[in-house]
Amino acid sequence: MTVPTRAASEDAVALVSGRRRTTELGLLILAFIVIVGLYALASLGRNASVPANIGPFLAAVLALVLVAHLVVRRVAPAADALLLPLAALLNGMGYVFIARLNDDLAGLQAAWTAAGITCFVLTLVLVRDIKVLQRYRYTFGLIGVLLLLMPLLPVFGNEINGSRIWVSLGPVGFQPGEFAKIALAIFFAGYLQENRELLSVATFRLGPLSIPDPKHFAPILLAWGVALAVMIFQRDLGSALLFFVLFVVMLWVATGRAAYLVAGFILFAAGAALAYRQFSHVQQRVEIWLDPWTDPQGVGYQIVQSVYALSWGGVVGTGPGLGISGRIPFEETDFIFAIIAEELGLLGSTAVLCAFLLMVGSGLRIARRCSDSFGSLLAVGLTTLIGVQAFIIVGGVIRLLPLTGITLPFVSYGGSSLVANYVLLALLLRISDGASRRVPQPVLAR
Amino acid sequence: MPEQLLTVLKLCLLALLYLFFLRVLRAVWAEVTPPKVAPESAAVPPPSKPPKIKSVRSSKKGSVPTKLTVVEPVARAGSDYPLGEDLTLGRAPGCSVVLDEQYVSQVHSRVFQRDSSVFVEDLGSTNGTWLNGVRAVGQMHARPGDRIQIGNVILEFR
């Protein structure tokens, strides 16, 4: 390429970067105002007074938001402008409702948010080019499987609320599964990018069907099988479903074969039927989903209360801090959406859904713009993780799906989830930044 | 605190929340619509199209290539190599197609058939194998009309 064209393309990148960062700053300030307003209002509703710590709260939120923004401006200037403000809004709204429900958890969640932003910054600073991750795809695959297996270890592993998905290191407990998802998404993206051609051409005959050669499937089927088996063994059905969808979507996107979707759906139906037959807790979940009113004070209690909360909220909600708190078990984690729907009503809960929709839209736009197929596939995978996770838990809360306890990304209380989602966000921003920079340079054969 | 005031404040907050989404949508709109012809971009001459290797799809698209024909360098243009079960390309005398040219590695790449499909695979060459201008990673499916570049040699599947 000639020198003037390159200079011009750099100017174009600088122009795009400047515009995006200005948009991001504006949106972040608006999100900050919404969060602080919500915090003050929740306290007014609950105690009829402006919270005593409104000053420190204001400073802390502003500091976190600005640190994240300035780091993006410095190390990923051409990245997408919408993801960070949307995540900040969701995180802030989640924090306000957690603080309104439980003061102890609020302090912890604040610390985890700070840790999340720190990991966000570290990821952006350390991963300067997304292709570096492609080189370590098998390492990431191994790390993912090992992380999933960690809770089964006798010393660290912990069973809490019937799911053996916790690991305690000293005083800190965390769910390695949250990080395993990201590691396995990286592995899938790397492996599929390398073998997409082979997996999209049917060369192996199996009776009347032509399927791609099974030997190219082996590593990916192995990783998938182990992960799924482990999650089912740990009774973490929500994560198993999420992981299954991630796997099928990435295969479909990588090969462009809709047959993978059909096969995935059939496999899912078979697996679901088998799980229903084999596990009593699955049967119980489905029965509660179909008719929670058979035992409204017992097993159906949680979902019945959630439905009451949704209906009590109406269109505009009871007002922050004015709902009936403390009646739904796990309202800070799995059922935070029901609390938001009660206190901000249909409008507020729709806003949360809009935020997820816009995040998914931004993620898929990044995937489309990305010229390098590894980055593109990884963006699809990470976006699927956020979108499907939100869908599964919100669907469970509003009785669209059987309830499976996973966190609502960025909103629910939960350290591992928050930190992992910030890492995921940083990776998406890194892919977006790389895509915007590389656009003006066409691929040349020599 | 009177209840009416709280209700008003709540409605203000919801309005603010949706104002946020309005701004987000505006930003999305700005992203997806191509920018108007700005003076900056008008001053830039349209980037000269790089001499991209064109893939000339033959009319019988989807069929299986049967031979490799040299397109460049011109001195060797027209030489045909029938595709066997497995073909190695490189500078070494042992290769099925010996290409003693600049930037070609000893055993550069491999073209093989599997159940009536043809694949190209780079064998860890220094300068890579390029299929239709894209660097080959792993095994790449090849159709008639596709071109591969090995060093400064360009071959077409026919």
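Let's start with Pro296(A): this residue counts as partly exposed, because 13 other C-beta atoms lie within 10 Å. The cut-offs go like this: a residue is buried if 20 or more other C-beta atoms lie within 10 Å of its own, exposed if 12 or fewer, and partly exposed in between, with the C-beta atoms placed from the backbone.

Before I go on, a word on what you're looking at. This is a predicted model, in which local features need pLDDT of at least 70 and side-chain atom pairs count only at pLDDT 80 or more, while totals for chains, interfaces and linings use all residues. Residues are numbered from 1 along each chain as its sequence is written, and chains are lettered from A, and ligands numbered from 1, in the order in which they are written.

Okay, back to Pro296(A). You'll find Pro296(A) in the loop between helix H11 (280-290) and H12 of chain A. Leaving out residues up to four places away in sequence, Pro296(A) touches Tyr301(A) and Val304(A). How far is Pro296(A) from Ala14(A), C-alpha to C-alpha? They're 282 residues apart along the chain, and 59 Å separates their C-alpha atoms.

Next up, helix H4 of chain A, residues 103-126. H4(A) has 24 residues and spans 35 Å from first C-alpha to last, close to the 34 Å expected at 1.5 Å a residue. That expected span is 1.5 Å times one less than the number of residues. Asp103(A) belongs to this helix.

Now for the core. A nonpolar core is a set of buried Ala, Val, Leu, Ile, Met, Phe, Trp, Tyr and Cys residues, joined through C-beta atoms within 7 Å. The largest one has 143 residues, and Met250(A) and Phe337(A) touch the most other members. Met250(A), for example, touches Phe188(A), Ala189(A), Leu192(A), Leu377(A), Val380(A) and Gly381(A), not counting residues up to four places away in sequence. Apart from that core there is another, of 18 residues, including Ile150(B) and Phe157(B).

Two packed helices are described by the angle between their axes and the distance between the axes. Helix H9 (237-255) and helix H14 (373-397) of chain A pack at about 145 degrees, with axes 9 Å apart. The axes are lines fitted to C-alpha atoms, for helices over the stretch in contact, and angles run from 0 to 180 degrees between N-to-C directions. Among the residues making this contact are Val249(A) and Met250(A) of H9(A), and Leu377(A) and Val380(A) of H14(A). By class, the contact has 14 nonpolar, 4 polar and no charged residues. Nonpolar here means Ala, Val, Leu, Ile, Met, Phe, Trp, Tyr, Cys and Pro; Asp, Glu, Lys and Arg are charged; the others, Gly among them, are polar.

H14(A) itself is mostly covered, with 21 of its 25 residues buried. After H14(A) comes Arg399(A), whose phi is positive, near 65 degrees. Most residues other than glycine have a negative phi. Phe330(A) isn't a glycine either, and its phi is about 60 degrees, positive. Phe330(A) sits in the loop between helix H12 (301-313) and H13 of chain A.

Last, chain B. Its 158 residues are 26% buried, and chain B has 2 helices and 11 strands. So which residues meet across the chains? The contact takes 41 residues from chain A and 35 from chain B. On the chain A side, H1(A) gives the largest share, 16 residues. That side divides into 28 nonpolar, 10 polar and 3 charged residues.

Definitions and conventions:
Helices (H or I, at least four residues) and strands (E, at least two) are DSSP runs, numbered from the N terminus. Two residues are in contact if their C-beta atoms, placed from the backbone, lie within 7 Å.
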